[in-house]
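Have the sequence and the 3D view ready. Start with the whole fold, then look at single residues.

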Amino acid sequence: TVDRLARIQGGTVRVENHRGEGATFNLHLPRVAAQVVEAADATSPQANGNGARPRTLDATVLLVEDDVVVRDMVCQVLELQGCTVLEARSSADANRVLESLDGKAPDLLVSDVVLPGERGPDVAARLRQRYPDLQVLLMSGCNDPTLLGPTLADADAAFLPKPFSPDSLLTRVRELLPKPEAELVEDEGDDVEAAPEADTER
């Protein structure tokens, strides 16, 4: 429904009744496009002010979400950060998508908890048997993961409650994906520079 889609995106629907004039429906949505641009710009050298190279997420993400509005938003945000996103609306679709990889393992599974057919945690558990290093991020409109059943905890997955902003999504994804090698080298260099000088006085 319109109300459900609006709430998923953090918006509202307001109804105004006017006697003899009918009803007016006002749909209020956040400026998602602006948020996406801000999330993308947050990794630019201009944004951090120190001239560091932008960190792109060079990763293959399997996205399983039956809600087209959420699926499109997540796909747009991740692709702007350099991810290759493979979209599926159900576990059956996910199986077909994975066949196109010719044996290459995805780096991350982003899945809704409630799906047509298998639930998200069950999809994650099954795929981890095939891809042991697969990272998992599960999403749900239920903010308390303990209410979603024991399989969610058994999936050993990160959890992101809906609705969420592009920034929240990127924060969780960055936590799950390994840092690029170049960034690890930069971090090590920072550690060396920060090390105190040895006392050479006798």
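This report goes from the overall fold to its parts.

## Ground rules

This is a predicted model: local features need pLDDT of at least 70, side-chain atom pairs count only at pLDDT 80 or more, and totals for chains, interfaces and linings use all residues. Residues are numbered from 1 along each chain as its sequence is written, and side-chain values use heavy atoms, leaving out hydrogens and water.

## The chain as a whole

The protein chain has nine helices and seven strands. Both are DSSP runs, numbered from the N terminus: helices are H or I with at least four residues, strands are E with at least two. Of the 202 residues, 36% count as buried. Buried means under 20% relative accessible area, exposed means over 50%, and partly exposed is in between (1.4 Å probe, protein chains only).

Now take the contacts, meaning heavy atoms within 4.5 Å. Among contacts between residues at least 6 apart in sequence, 58% join residues at least 24 apart.

## The hairpin

Strands β1 (residues 12-18) and β2 (residues 22-28) run antiparallel, joined by seven bridges. Two strands pair if DSSP finds at least two bridges between them. T12 stands opposite H28 in β2. The two strands form a hairpin, with three residues between them. G20 sits in the turn and has a positive phi of about 80°. Most residues other than glycine have a negative phi.

## The open sheet

Five strands form an open sheet, in the order β4-β3-β5-β6-β7, with parallel pairing. β4 and β7 (158-161) are the edge strands, and each pairs on one side only. From one strand to the next, the twist averages 20°. Such angles run from 0 to 180 degrees between N-to-C directions; axes are lines fitted to C-alpha atoms, for helices over the stretch in contact.

Look inside the sheet at β3 and β5 (residues 108-112). Four bridges pair them in the parallel sense. L62 has L109 in β5 as its bridge partner.

## Two nonpolar cores

A nonpolar core is a set of buried Ala, Val, Leu, Ile, Met, Phe, Trp, Tyr and Cys residues joined through side-chain atoms within 4.5 Å. The largest one has 24 residues. V74, L78, L108, L137, F164, L169 and V173 touch the most other members. β3, α4 (68-80), β5, β6 (135-140), β7 and α8 each supply at least two residues. α4 gives the most, with six residues.

What does V173 touch, not counting residues up to four places away in sequence? The answer is L57, L78, L108 and L137. A second, separate core has 18 residues, including V97, L101, V123 and L138. In soluble globular proteins, nonpolar side chains tend to be buried together.

## Helices with a buried face

In α5 (residues 91-99), S91, D93, A94, V97 and L98 are buried. Seen down the axis, these buried residues fall within an arc of 150°, so they line one face of the helix. The arc is that of the directions from the helix axis to the C-beta atoms. R96 and E99 are exposed on the other side of α5. The cover over the buried residues of α5 includes β3 (60-64), β4 (84-88) and α6 (120-130).

α6 has its own buried residues: G120, P121, V123, A124 and L127. They fall within an arc of 155° seen down the axis of α6, so they too line one face. An α-helix has 3.6 residues a turn, so residues three or four places apart point the same way.

## Cysteines without a bond

How many disulfides does the structure hold? It holds zero. A disulfide is a pair of cysteine sulfur atoms within 2.5 Å. The sulfur of C75 has its closest cysteine sulfur in C83, 9.7 Å away, which is too far for a bond. C75 is buried, with a relative accessible area of 6%. C83 is also buried, at 6% relative accessibility.

## Two loops

K179 lies in the loop between α8 (166-176) and α9 (181-194). K179 is partly exposed, with a relative accessible area of 40%. K179 and L57 are 122 residues apart in sequence, but 8.5 Å apart in space, C-alpha to C-alpha.

P163 lies in the loop between β7 and α8. The peptide bond from K162 to P163 is cis, with omega near -5°. Most peptide bonds are trans.
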